[in-house]
Structure formats: C-alpha cells, structure tokens
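Please look over the sequence and the structure below before reading on. The paragraphs after them are meant to be read with both in view.

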Amino acid sequence: MLELAAQLLGRARGRTPFVTATVTGVAGSAPRQPGSSLVVDADGAVLGNVSGGCVDAAVHEACQQMLAGDHAPQALRFGYSDADALGVGLTCGGTIELLLRHHDPTAEPELEPALADAASGQAVAVATVVRGPSSHLGRTLVVRPGRPSQGSLGDELLDRVAEAHTIDLLHTGQTGTVEIGVADSYCQEPMTLLVESNVPAPRMLVFGAIDHAAALARVGAFLGYRVTVCDARTTFATPERFPDAEVVVDWPHRYLQVQAEAGVLDRRTVVCVLTHDPKFDLPLLTAALRMPVAYVGAMGSRRTHEERLARLREAGLSDHELGRLRSPIGLDLGARTPHETALSIAAEIVGDRHGGTGAPLSTGVPIHRGVPAPRPLTHSS
C-alpha cells in the first residue's frame, strides 16, 4: 500500500473507502514482489497492479466484490497448472499470494498519517497480519523510528514483538514477511506479518564533476537515488552542469566524512569515484571502504587500479576492505559514451544490490533470484 501512498493520501483525506490487494508471498516467476498493491476505491478508480496484467482483472473483480459486500479481510492465491496455465491467468508461471483488505479512513485514524509520512519521504512502516488467526488477519501496526507505534495487532505483547521486527526491516529499508511463532507465548497460533517499509531515498554520491558524472546522475535519479555530485573545483561543480543532482563544492573525503558523522549515510548508500586524481580519490577511498555503505566503485584503467590498490595498502587498508572496491567501475557492456558508461555503472550497482550475475538471461540464469521453485496451484481463496 505504501508504494501508492501519494495517490491514496487524497482518498484518505476525502474519507473515500478503498480496497487494497497486496502481494504477501511469491514463488517461482511471480512478476511482482511482496508489498506490491492493486487498489480499487469506492468511486471505481484503479491504482497499481499485482501481476503486470495477467491476473489483475480477477483481482480487480474481487476488490469490487469486497467494496460492495463483506469487508472481512480475504486471502487469495494465484498459481499455474501445467495442464492449463492460461486458464489460471498467471501465464509466467509461479505463484502469488495476496491479502485483500477494506480500508475505511473514518475508522482507521492511523491510516492518513502513515500515508502522509510515506508520501513525503519520511521513514514509516506498516506491519499487517497476512496469515494467522482470523481474529487477527488484516490488523495493522504503524511504526516510526523513535515514536510510539499506532494501531494494534490485537495484543500488547504481540505489538511489542512486531514493533521490534518492523524496526529492524525499516532500518534497512526492506519490505518483507516476518514469521512469529508460539514458542515464547507471543501468540497462540503462528502468524505471518507483511512489513511494508518506506524510507528516504537512498544516497548516490558521485565524486568528480565530469561528463560521466552528469550522465550517472541522470541514471541514478531515474533509479530513485538522491544524487549528490561533489568536487573541490568550483569551475566544474555547478548546478547548471548537473541538473539531476545536488552539487557540493568540497574536498571529496571531507564531504564524505561530514555526511557519515551526520548519520545520513546507510547500507543502501553507493559511492562512485570518478575523480581520476590520486590526491582526491586516495583519501576518499580510504574513508569510503571503511564505511558500512552498499557499494564503492572507482573509475580508471586496470593499470590505474593496480597502482591505486598499492597506495591504499600503504595507507593501511586490509585485504577485506580492498575486496569491497569495484574497480574498474561498471559491467562489461562495451560502453563508449558517458551515457553508456553510466548505464554500465548503474547495471553493476543494481546487480550488486540484488545478487545478480550480470550474465545474459538467455544463458539460463534464474530470472527471479532467491525464491523457491513454483509448485502447481490453482486460484483459491
């Protein structure tokens, strides 16, 4: 639901009821991941999708039925059958599980503030019971860092446990499921929570005000990063040259250290060093490779890379720290222009984030990584 917060906020403020169909589990080649939603409101408008099109019509119909009839939460599952794949509708194979939930803004005081926070880019998470006792199904808890939670899953102890799990996912910006068992008396029956996290945009720090940086800033902004271009040279580091980024004139290593001390970098942050100048990139990389950021890459030839590694070792970096450096930066796409090089760098960043190989899908590598193989299933409720 939070992925559609900007559009849903107006409906919440206008007290317009709506039904969300949210993906809670996937297997095999399911096209959308947990947290993806299709929404139908009382005026008939449709937002989002849960399958890229192949079962959206059936989900839309189920949402309309819930708006018109029973408002109790409902679980749906769509899968494939080897004998009649097209008949089920999930033509790509795999399975998706969804939870349909009716939302009445007049009866959910925590809904509008949660949507407002998500729409404005503030950190907020919503934990929803998606599997478990019917008395708890669909209950939600809204969690924000350093603030009391809103809503309830139906039990004070359960709320405290769910809040702790939710904060863990929120800190890393992850959306996913959490299993809560009965061993420690948190609940009488096992439950599954879907935690939807909304956090400020991840940072992409690009050092070196060159043409490649302008192209990378454009691609980074397209991928949803908050992009900063930093260079110590005032002549080159100008807003006019980098319309897709904030521009900072400072020594790169000093700016990086200030950002780290301010607590605005995290494990999603990517650092791209395009300076091509040892007096800039050596102190910068020395600092960056010792920080818990997601990615550190540096531009340069293989000869430059070897010379850089030797100097970084002299500066005291360990083999483990040096092993984090992606250099020469980017994937082998045969890139020539700044825009092609930016695409190469962005492809490596995305692959690194999700554990991709960078190999062509036509060679037989898995399309959807880290999910179990599908099993034949039919649509059920």
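What follows goes from the whole chain to a sheet, its helices and some single residues.

This is a predicted model, in which local features need pLDDT of at least 70, side-chain atom pairs count only at pLDDT 80 or more, and totals for chains, interfaces and linings use all residues. Residues are numbered from 1 along each chain as its sequence is written, and side-chain values use heavy atoms, with hydrogens and water left out.

The protein has 11 helices and 16 strands. Helices (H or I, at least four residues) and strands (E, at least two) are DSSP runs, numbered from the N terminus. Of the 381 residues, 46% count as buried. Buried means under 20% relative accessible area, exposed means over 50%, and partly exposed lies in between, with a 1.4 Å probe and protein chains only. Among contacts with a separation of 6 or more, 60% come from residues 24 or more positions apart; contact means heavy atoms within 4.5 Å.

One part to look at is an open sheet of 6 strands with parallel pairing, in the order S13-S12-S11-S14-S15-S16. Two strands pair if DSSP finds at least two bridges between them. S13 and S16 are the edge strands, each pairing on one side only.

Strand S15 covers residues 295-298. On one side it has Tyr295 and Gly297, on the other Val296 and Ala298, and all of these are buried, so both faces of the strand are covered. S15 runs parallel to strand S14 (residues 270-273), and 4 bridges join the two. In this pairing, valine 271 stands opposite valine 296. Between S14 and S15 the chain passes through helix H8 (residues 278-288), making a right-handed β-α-β crossover. Right-handed here means that, with the strands pointing away from the viewer, the path from the first strand over the helix to the second runs clockwise.

S15 is also joined to strand S16 (residues 325-326), by 2 bridges, and these strands run parallel. Here valine 296 stands opposite leucine 325, and glycine 297 stands opposite arginine 326.

Which helices lie across S11, S14, S15 and S16? One is H8, which runs at about 160° to S14. Another is helix H11 (residues 338-354), which runs at about 155° to S15. For these angles, axes are lines fitted to C-alpha atoms, for helices over the stretch in contact, and the values run from 0 to 180 degrees between N-to-C directions.

Rings of Phe, Tyr and Trp (its six-membered ring) pair if their centres lie within 6.5 Å; planes under 30 degrees apart count as stacked, over 60 as edge-to-face and the rest as tilted. The count by this rule is 1 aromatic pair. Tryptophan 251 and phenylalanine 280 form it, with 5.0 Å centre to centre and 50° between the planes, and the pair is tilted. Tryptophan 251 lies in the loop between strand S13 (246-249) and helix H7 (252-261), while phenylalanine 280 lies in H8, 29 residues apart. Tryptophan 251 counts as partly exposed because its relative accessibility is 35%. Phenylalanine 280 has a relative accessible area of 8%, so it is buried.

Elsewhere, threonine 192 lies in strand S10 (residues 191-198). With 5% relative accessibility, threonine 192 counts as buried. Its side chain makes a polar contact of 2.7 Å with the side chain of glutamate 179. A polar contact is a pair of N or O atoms within 3.5 Å; within protein, one must be able to donate a hydrogen and the other to accept it, and residues adjacent in sequence count only if both atoms are side-chain atoms. Leaving aside neighbours within four places in sequence, residues in contact with threonine 192 include Thr128, Arg131 and Val178.

Methionine 1 counts as buried because its relative accessibility is 7%. Its C-alpha atom is separated by 8.1 Å from that of valine 39, 38 residues apart along the chain.

Some backbone details remain. The peptide bond from serine 327 to proline 328 is cis, with omega near -5°, and proline 328 lies in the loop between S16 and H11. Histidine 276, in the loop between S14 and H8, has a positive phi near 60° and is a residue other than glycine.
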